[in-house]
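I opened this one to see how the chain is put together and what ties it up. Notes below, in the order I looked things up.

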Amino acid sequence: RFPNWNPYKGSMDQFLLWARPISSGDIAWSMDKNFQRFSGSTCDDTNVSHKQIFEKSLSEERCKHRCINHSECFGYQTLTLDNDIFQCTLYADRPKKGDAMENSVCAAVL
């Protein structure tokens, strides 16, 4: 037994069982983030313990990409303030759909 290695004890969010040898493409596919998107709604973050990871002026597509590439991101919100001024917020916990608001999008990892 290698030093300091113990059997895993705990629970898992997801478990994938493959009936064949897997490729790097399979691993990439299994790690893809899929979002439930709520257009015209803010994110209700009242029960989110780790509210913001990041807040910056990014379009929705760039905000989504930033969340996909950030390992601790479980959702994002974008607000269109003026014609080309955006506000992007990433969440470390999965946000819920909040109040209705025009020019806003809330998305949470499924």
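**The hairpin**

I started at Asp82, which stands opposite Ile85 in β4. This is a predicted model, so I am reading computed geometry throughout. The two strands here are β3 (residues 75-82) and β4 (residues 85-91), and I find them paired in the antiparallel sense over seven bridges. The hairpin from β3 to β4 runs through two residues.

**Stepping back**

I then looked at the whole chain: two helices and five strands. In sequence order I read α-β-β-α-β-β-β. Of the 110 residues, 27% come out buried. Among contacts with a separation of 6 or more, 66% are between residues 24 or more positions apart.

**Disulfides**

I counted three disulfides. With bonded cysteines numbered along the chain, I get the pattern 1-6, 2-5, 3-4.

Cys43 is bonded to Cys106, S to S 2.1 Å. This pair links distant parts of the chain, since I find Cys43 in strand β1 and Cys106 in strand β5 (residues 96-109), 63 residues apart. The S-S torsion of Cys43 and Cys106 is about 110 degrees, so I logged the disulfide as right-handed. Both Cys43 and Cys106 are buried.

Next is Cys63 to Cys88, at S to S 2.0 Å. Cys63 sits in helix α2 (residues 60-69) and Cys88 in strand β4, so the pair ties together parts 25 residues apart in sequence. Its torsion is about 75 degrees, so the Cys63 and Cys88 disulfide is right-handed too. Both of these cysteines, Cys63 and Cys88, are buried.

Last, Cys67 joins Cys73, with S to S 2.0 Å. Here the torsion is about -95 degrees, so I noted the Cys67 and Cys73 disulfide as left-handed. Cys67 and Cys73 are both buried.

Is Ser41 buried or exposed? I had placed Ser41 in strand β1 (residues 35-44). Ser41 has a relative accessible area of 5%, and the cut-off for buried is under 20%, so Ser41 is buried. Beyond its neighbours within four places in sequence, I see Ser41 in contact with several residues, including Lys97, Asp99, Met101 and Cys106.

For contrast I checked Met12, in the segment before α1 (24-31). Met12 has 55% relative accessibility and exposed means over 50%, so Met12 counts as exposed. I also find Met12 in a nonpolar surface patch of about 560 Å², made with Tyr8, Phe15 and Leu17.

Terms used
Residues are numbered from 1 along each chain as its sequence is written. This is a predicted model: local features need pLDDT of at least 70, side-chain atom pairs count only at pLDDT 80 or more; totals for chains, interfaces and linings use all residues. Side-chain values use heavy atoms; hydrogens and water are left out. Two strands pair if DSSP finds at least two bridges between them. Helices (H or I, at least four residues) and strands (E, at least two) are DSSP runs, numbered from the N terminus. Buried means under 20% relative accessible area, exposed over 50%, partly exposed in between (1.4 Å probe, protein chains only). Contact means heavy atoms within 4.5 Å. Patches are made of residues with over 30% relative accessible area and no salt bridge: like charges are joined within 9 Å, nonpolar side chains (Val, Leu, Ile, Met, Phe, Trp, Tyr) within 5 Å. Accessible areas come from the Shrake-Rupley method with a 1.4 Å probe; for residues, only the protein chains shown count as cover. A salt bridge is a side-chain nitrogen of Lys or Arg within 4 Å of a carboxyl oxygen of Asp or Glu. A disulfide is a pair of cysteine sulfur atoms within 2.5 Å.
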